[in-house]
Amino acid sequence: MSTESTHKMDFIREIVAEDIASGKHATIVTRFPPEPNGFLHIGHAKALCISFGVAQDVNAGRLGEGKATARTHLRMDDTNPVKEEKRYIDAIHADVKWLGFDWGEHEYYASDYFEQLVAWAELLIGAGKAYVDDQTGDEIRATRGTLTEPGKASPFRDRTPEENLDLFARMKAGEFADGSRVLRAKIDMAAPNMNLRDPVMYRVLHAVHPHAGDKWCVYPMYDYAHGQSDWIEGITHSLCSLEFEAHRPLYDWFVDAIMDAGGHPRLPAPGAPVTDELRKDRPRQIEFARLNLTYTVMSKRRLLALVNDKHVAGWDDPRMPTLSAMRRRGYPAEAIREFADGIGLSKRNQTIDLARLEFHVREHLNKSAERRMAVLDPLKVVITNYPDDTVEHMDAINNPEDEGAGTRKVPFSKVLYIEREDFMEDPPKKFFRLGPGREVRLRYAYFVTCTDVIKDAAGNIVELHCTYDPATKGGDAPDGRKVKGTLHWVSAAHALDAEVRLYDTLFTQENPDDVEEGKSWTDQINPDSLKTITAKVEPAMKTAKAGTTVQFERTGYFCVDPDTEDGPLIVNRTVTLKDSWGKQQGK
């Protein structure tokens, strides 16, 4: 499976190419830094494809003309033990590998840098650039100011460095209750950028960390740990989504302030000066527009609410936009990568049509998925002139797009099932499927003609009687006559029952936030996003393993669900055969 980037040049790659050409960097280092407080979603896939894709392009010589090497780090930005769990870390590992990316030996954790981050915080305290604040969180928020009004200085802002160092040491020692004190950077309470108004660096939190254990009673805030973690790892290009653009001045301030106080992750010796050359050794942050999809929410907080409030069955519910959900639904990793590469990079936020992602899924599955026959809404058909005890095995093509996929045998017998919608008792002019007196082709089998319609006491059609033409075996008539309709079918005696889960969009509106006054985004949840039916499928599905995706002919693509391993066959509809995006492109 190739995971090579298919990107053309974009503004990020142009910057990287320039940095290599100028000699600024001989090694390009990017990173993917998820917070392990939830599952990765399709938006993360875009970030993964960018960070890993840039490094791949450098190593392949597509960027830098072979004058540099590159690598990508996987780092867990694990600064909040209350929300982070080991299962999220495991899920992140699985999703990144499934998408086709390999971080090799370069897996890191922000929590591994806690000692260094604390040491730098103490440097800033000693330099008068950080202070311990006794205000509550509500009081800090109330004095932060607005976009048009400056904030108000904390009454504890002018504590001496000695007093602050003592208080911070006691915070670390666990003397104070959660939320009773914080360490704040001392920047500018009147700064136009709200992120520079004395942001919190550390808070008291007595919690066990999933990676670091119970060593710490203080934990760094994301904005303090994130930029410095990049710096420690020697990241050359910090590629992140556009919402972090306003945070970049703060990240730069921390790096500058630490160096002014004598700190740097690559000092040649303790106490050595920070030279002009060392000052150049710092990450460059570059922002790009995040991925938004129609009929989808991407906020991790909202995804967690969907799970916790039982709107979905879990993080891997196939209606979710998480990578684990898409894997379970049957989306190929290759299709997701092609989608992420194909939408390109911009500096302007935009919402991508979900149909475009489905287009890439269909494009890949059309080439790779084997075909099977399945009847989702069975209508019984009896071929009255076919021998009672005869079973024939018809040759069926596994994939017309792949000759190497070969053929399979499909049993054919006197009693079959066809789709109920493939029959009309009084068909309109352009209905070319089965009707009384009409002849159609049964795929891979024979021409059949409907001779009788059997109904129950309520007038519902329960059975059709047909005759077949033995001379048309394989689907062609020796006399050259043509039929306009070809139907899929399964043999009643050989069919397997399958639970089929028909998934639709989780929300009824393209933008779930577009709600009337007094309503919320959850009011847009689609009550018909999942319908479960029992279908009849051909016996070849008996050996299909969990995760196998097939095309049910004339119906759509379906993936065998992991729940099948514990019981009867269960399949999830991956995507229908209808291609709305392709039709839009063809206009």
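Helices α2 and α12 pack at an angle of about 70°, with their axes 9 Å apart. The two are therefore roughly perpendicular to each other (65 to 115 degrees). The model is predicted: local features need pLDDT of at least 70, and side-chain atom pairs count only at pLDDT 80 or more. Residues are numbered from 1 along each chain.

**Terms**
- Helices are DSSP runs (H or I, at least four residues), numbered from the N terminus.
- Axes are lines fitted to C-alpha atoms over the stretch in contact, and angles run from 0 to 180 degrees between N-to-C directions.

**α2 with α12**
- Ile42, Ala45, Lys46 and Cys49 of α2 are in contact (heavy atoms within 4.5 Å) with Ile336, Arg337, Phe339, Ala340 and Asp341 of α12.
- By class, this contact of α2 with α12 holds 6 nonpolar, no polar and 3 charged residues; Asp, Glu, Lys and Arg count as charged, and Ala, Val, Leu, Ile, Met, Phe, Trp, Tyr, Cys and Pro as nonpolar, with the others, Gly among them, as polar.

**α12 with α13**
- Helix α12 (residues 333-342) packs against helix α13 (residues 354-368) at about 135°, and their axes lie 8 Å apart.
- The contact joins Glu334, Ala335, Glu338, Phe339 and Gly342 of α12 to Arg356, Leu357, His360, Val361 and His364 of α13.
- This contact of α12 with α13 has 4 nonpolar, 3 polar and 3 charged residues.

**α10 with α2**
- In helix α10 (residues 300-308), Lys300, Arg302, Leu303, Leu306 and Val307 are buried (under 20% relative accessible area, 1.4 Å probe).
- The buried residues of α10 pack against α2 (42-59).

Terms used: Side-chain values use heavy atoms; hydrogens and water are left out. Buried means under 20% relative accessible area, exposed over 50%, partly exposed in between (1.4 Å probe, protein chains only). Angles under 35 degrees count as roughly parallel, over 145 as roughly antiparallel, 65 to 115 as roughly perpendicular and the rest as oblique.
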